[in-house]
Amino acid sequence: MHGRTVASRAAAEAASARGLGGYSGPSITWRGASLSATLATWRVLGGRAGLNTMAFDRVIRRRLLLGLLLVASLGLMTAFFREQDTGPLHRVQNDVSGVATPAESVVQHVAQPFRDAWNWGSGLVNAKQEADRLRSENQQLEHQLGTLLQQKQDVAELRTEAAFVKDPGAALSDYRIISADVTARPPDLYSSSVTIDAGSANGVRVNDPVTTGKGWLVGQIAAVTPHSSRVRLINDSSIEISAQVLGETPAKGILTPSVGDRNMLMLGFVLKSKQVSNGQYVTTTGWCDTTRGLCSHYPRGLQIGLVSNVNQTENALYKTIQVTPWADLSSFMAVSVLEKRTSGR
Amino acid sequence: VTLRRLARDVVVISLALALAVLLQVTIAWDLTLLGGAPDLVCIVLVSIALLRGAEVGALAGFAAGFLLDALSGQPLGLSSFVYSAVGYGAGRYGEKVADHAPLRPLLAVAVGTLVSRTGILAVGAMLGSSASVGEVLSIAVIPAAMIDVLLAIPLYPLVRRGLRRAPAPAALPPTTPLQSEQHVPAIHA
């Protein structure tokens with residue numbers, strides 16, 4: 001009975017021989033005998049201890065194999081790094097590479113069309129990403145271009161301003177020039193003004209004339225804070241400037257903004273006897289009444305603009321002269337404040 | 001398995017791995033898509049390990065890694081180290097999952113690629129490689145795994161056909177006396 005039990009167990013173990021054998025595939029036959037079945041029978045006959053020992057051996061063996069391979073790999077790496085280029089491992093590498101070179105060459109030639117096709121296909125896949133990248137780059141470049149153009153314009157404006165500051169002319173020898181930037185240009189239908197970043201701390205005072213570019217008059221200081229000022233422009237409805245048209249006999253008058261056109265000025269109170277024609281220069285008069293102690297806020301000879309139209313009617317007492325200012329009153333960004341030097345300052 | 005079939009397996013596995021290594025070093029590394037390149041060696045190795053078990057997988061991984069290192073000029077042992085572990089892991093997975101459903105090999109290839117690429121990068125970094133591990137991981141590994149999965153769809157059946165798929169390797173037998181008793185309860189009765 002005991003023998004039958006053992007035999008049955010052997011058969012059962014043989015049926016699941018793959019669980020006992022070292023090889024994990026089907027059972028191995030050698031000289032007509034089932035090697036796995038034989039081994040299984042032998043192991044079962046050897047007792048439970050033998051069975052578990054063999055299973056345990058297999059676990060150990062496969063882990064040992066992996067461990068050996070990993071250790072061998074680490075050993076290879078260590079030896080490879082420790083030896084010189086003429087060492088045995090490097091020679092093996094070179095020899096293997098040399099043996100495989102002809103095969104690699106053949107594969108390269110055969111695979112070239114496929115590689116080209118792959119690159120063409122991957123290029124199509126990457127085309128959208130490339131287009132997006134280029135579009136984004138184009139936007140950045142356009143932004144940089146706009147910034148550079150703006151900087152170029154600012155530089156040109158500042159150079160002109162600097163030339164004026166450096167040599168303002170003999171007429172402005174009594175004036176100190178304070179340079180400033182326009183910081184705000186509030187839109188206003190009823191007045192025309194800008195804010196600059198120079199104030200009383202810089203020596204700016206109310207009613208100081210303000211120029212831009214080559215000394216073109218743009219307005220006067222209307223209000224002052226320690227570090228900023230408000231400039232009332234020459235096209236503001238509340239401003240009046242004594243000006244003259246340069247010629248053999250200067251035609252003097254009062255310059256006011258043109259009604260309806262903010263970029264145009266009107267020179268009024270010019271006697272009809274005065275000869276005025278288009279293209280003549282208009283500058284400030286810079287009068288001074290010494291008997292009353294009154295003087296214009298504007299120095300004599302500040303450039304204002306050019307005569308663009310002269311109108312004269314039979315019934316009118318004076319000529320009506322249109323003046324186009326030199327300065328673009330809507331876009332200048334740098335100004336010079338003319339501060340008159342006084343003995344007290 | 002007869003000795004003849006065993007020898008045939010050895011020949012087929014050797015040829016498949018040699019061809020995979022050769023194609024890998026000649027063309028595969030140039031076939032980049034979305035920053036990732038296919039790893040033919042990993043695909044073939046995982047396929048072999050799934051079909052033939054952990055021991056064969058580990059040995060095949062070591063051999064393929066050695067050949068790859070030799071042909072690509074890498075330090076010998078670098079790929080062997082990683083591919084041995086990948087082959088062993090894939091083989092263990094194949095033994096546990098007897099049902100080789102279509103998606104299982106693809107999953108194994110994807111995981112194998114991720115592990116092998118990460119492992120090679122990590123070992124290379126420890127050896128002083130100048131490649132930025134984080135950058136390569138974030139850019140190249142995921143696309144490489146995706147490409148490998150796509151390539152495994154035709155390659156895995158090819159390898160299986162070459163090996164004339166044997167029954168899936170069995171799991172290890174129980175190792176404790178109690179489990180052994182439970183394994184054959186009816187015999188004593």
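Select A:S238 and show its side chain, which makes a polar contact with the side chain of A:D236 at 2.5 Å, a polar contact being a pair of N or O atoms within 3.5 Å, where within protein one must be able to donate a hydrogen and the other to accept it, and residues adjacent in sequence count only if both atoms are side-chain atoms. This is a predicted model, in which local features need pLDDT of at least 70 and side-chain atom pairs count only at pLDDT 80 or more, while totals for chains, interfaces and linings use all residues. Residues are numbered from 1 along each chain as its sequence is written, chains are lettered from A and ligands numbered from 1 in the order in which they are written, and side-chain values use heavy atoms, with hydrogens and water left out.

A:S192 lies 46 residues from A:S238 in sequence, and their C-alpha atoms are 9.3 Å apart in space.

Next, go to chain B and select residues 40-52, helix 2, together with residues 78-96, helix 4, which pack at an angle of about 40 degrees with their axes 7 Å apart; helices here are DSSP runs (H or I, at least four residues), numbered from the N terminus, and axes are lines fitted to C-alpha atoms, for helices over the stretch in contact, with angles running from 0 to 180 degrees between N-to-C directions. On the helix 2 side, the contact (heavy atoms within 4.5 Å) includes B:V41 and B:L45, and on the helix 4 side B:Y83 and B:V86 are among the residues involved.

Finally, just after helix 5 of chain B, select B:G128, which takes a positive phi of about 100 degrees.

Note on methods
Helices (H or I, at least four residues) and strands (E, at least two) are DSSP runs, numbered from the N terminus.
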